[in-house]
Amino acid sequence: MVGSSEDEPCSGDTDATDLGQEHSSRLADRELKEMLLKKYSGCLSRLRSEFLKKRKKGKLPKDARSALMDWWNTHYRWPYPTEEDKVRLAAMTGLDPKQINNWFINQRKRHWKPSEDMRFALMEGVTGGGSSSGTTLYFDTGTIGP
């Protein structure tokens with residue numbers, strides 16, 4: 001005889017054994033999950049909030065963009081706000097100073113070309129005062145100064 005009935009377990013016993021092992025495995029998994037959640041829930045919530053902060057936030061609010069564009073259009077020839085301008089714009093718009101700074105960097109990069117009267121290539125010896133102070137400006141069209 002190649003095998004006896006004692007070597008092969010009854011199919012009913014196998015199902016019951018498998019179900020018991022599966023149940024205990026699920027129970028162990030659930031207990032492990034609960035233990036890990038208890039132990040690391042603070043870390044997980046901090047990580048989640050960090051990931052949400054780092055996610056790209058999209059466009060700025062419309063009223064903030066409008067205020068920034070008003071400043072941009074008024075100062076288009078030289079769109080470099082002073083620190084005071086940035087503080088005032090941040091207060092007006094409710095944006096962070098970093099957001100204000102980034103908006104101007106992006107706006108200049110995407111939409112600004114220096115005007116024709118700003119074609120100078122180099123400025124030397126700027127010490128204050130007029131041309132009698134030794135200031136020499138080099139323009140595409142010629143030189144102004146001593």
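Reader: Is Lys62 buried or exposed?
Author: This is a predicted model. Lys62 lies in helix α2. Exposed means over 50% relative accessible area. Lys62 has 67% relative accessibility, so this residue counts as exposed.

Reader: Is Thr93 buried or exposed?
Author: Thr93 lies in helix α3, which covers residues 83-93. Buried means under 20% relative accessible area. Thr93 has 13% relative accessibility, so this residue counts as buried.

Reader: How many Å apart are Lys62 and Thr93 in space, C-alpha to C-alpha?
Author: Lys62 belongs to α2, and Thr93 belongs to α3. In sequence, 31 residues separate Lys62 and Thr93. In space, their C-alpha distance is 9.7 Å.

Reader: Which residues is Thr93 in contact with, leaving aside its neighbours within four places in sequence?
Author: Start with a neighbour. A polar atom of the Thr93 side chain lies 3.3 Å from the backbone nitrogen of Leu95. Now leave aside residues within four places in sequence; the contacts of Thr93 are then Ala64, Ala67 and Ile100.

Reader: How are α2 and α3 oriented to each other?
Author: Their axes cross at roughly 150 degrees and come within 9 Å. The crossing is right-handed. Angles over 145 degrees count as roughly antiparallel. Therefore α2 and α3 are roughly antiparallel.

Reader: Which residues of α3 meet α2?
Author: On the α2 side stand Ala64, Ala67, Leu68 and Trp71. By class, the residues of this contact are six nonpolar, one polar and two charged. The α3 side consists of Asp85, Arg88, Leu89, Met92 and Thr93.

Reader: Why does α2 count as oblique to α4?
Author: Helix α2 spans residues 62-74 and helix α4 spans residues 97-111. Their axes are 12 Å apart. Roughly parallel needs an angle under 35 degrees, and roughly perpendicular needs 65 to 115. The pair is oblique because the angle is about 50 degrees.

Reader: How many nonpolar residues are in the contact of α2 with α4?
Author: α2 passes α4 in a right-handed crossing. Leu68, Met69, Trp71 and Trp72 of α2 meet Ile100, Trp103, Phe104, Gln107, Arg108 and His111 of α4. Two of the contact residues are polar and one is charged, while the nonpolar ones number seven.

Reader: How is α3 placed relative to α4?
Author: Their axes lie 9 Å apart, at an angle of about 110 degrees. An angle of 65 to 115 degrees counts as roughly perpendicular. So α3 is roughly perpendicular to α4.

Reader: Which residues of α4 make the contact with α3?
Author: α3 brings Lys86, Leu89, Ala90 and Thr93. The contact has five nonpolar, two polar and one charged residues. The partners from α4 are Pro97, Ile100, Asn101 and Phe104.

Reader: In what order do the elements of the protein chain run?
Author: Count the elements before ordering them. The chain has four helices and three strands. From the N terminus on, the order is α-α-α-α-β-β-β.

Notes: Residues numbered from 1 in each chain as written. Predicted model: local features only at pLDDT ≥ 70, side-chain atom pairs only at ≥ 80, totals over all residues. Heavy atoms only, no water. Axes fitted to C-alpha atoms, helices over the stretch in contact; angles between N-to-C directions. Helix = DSSP H or I, 4+ residues; strand = E, 2+ residues; numbered from the N terminus. Left-handed = near helix turned anticlockwise from the far one by under 90°. Contact = heavy atoms within 4.5 Å. Nonpolar A, V, L, I, M, F, W, Y, C, P; charged D, E, K, R; others polar. Buried < 20%, exposed > 50% of the residue type's maximum accessible area, 1.4 Å probe, protein only. Polar contact = N/O pair within 3.5 Å; in protein donor to acceptor, adjacent residues only side chain to side chain.
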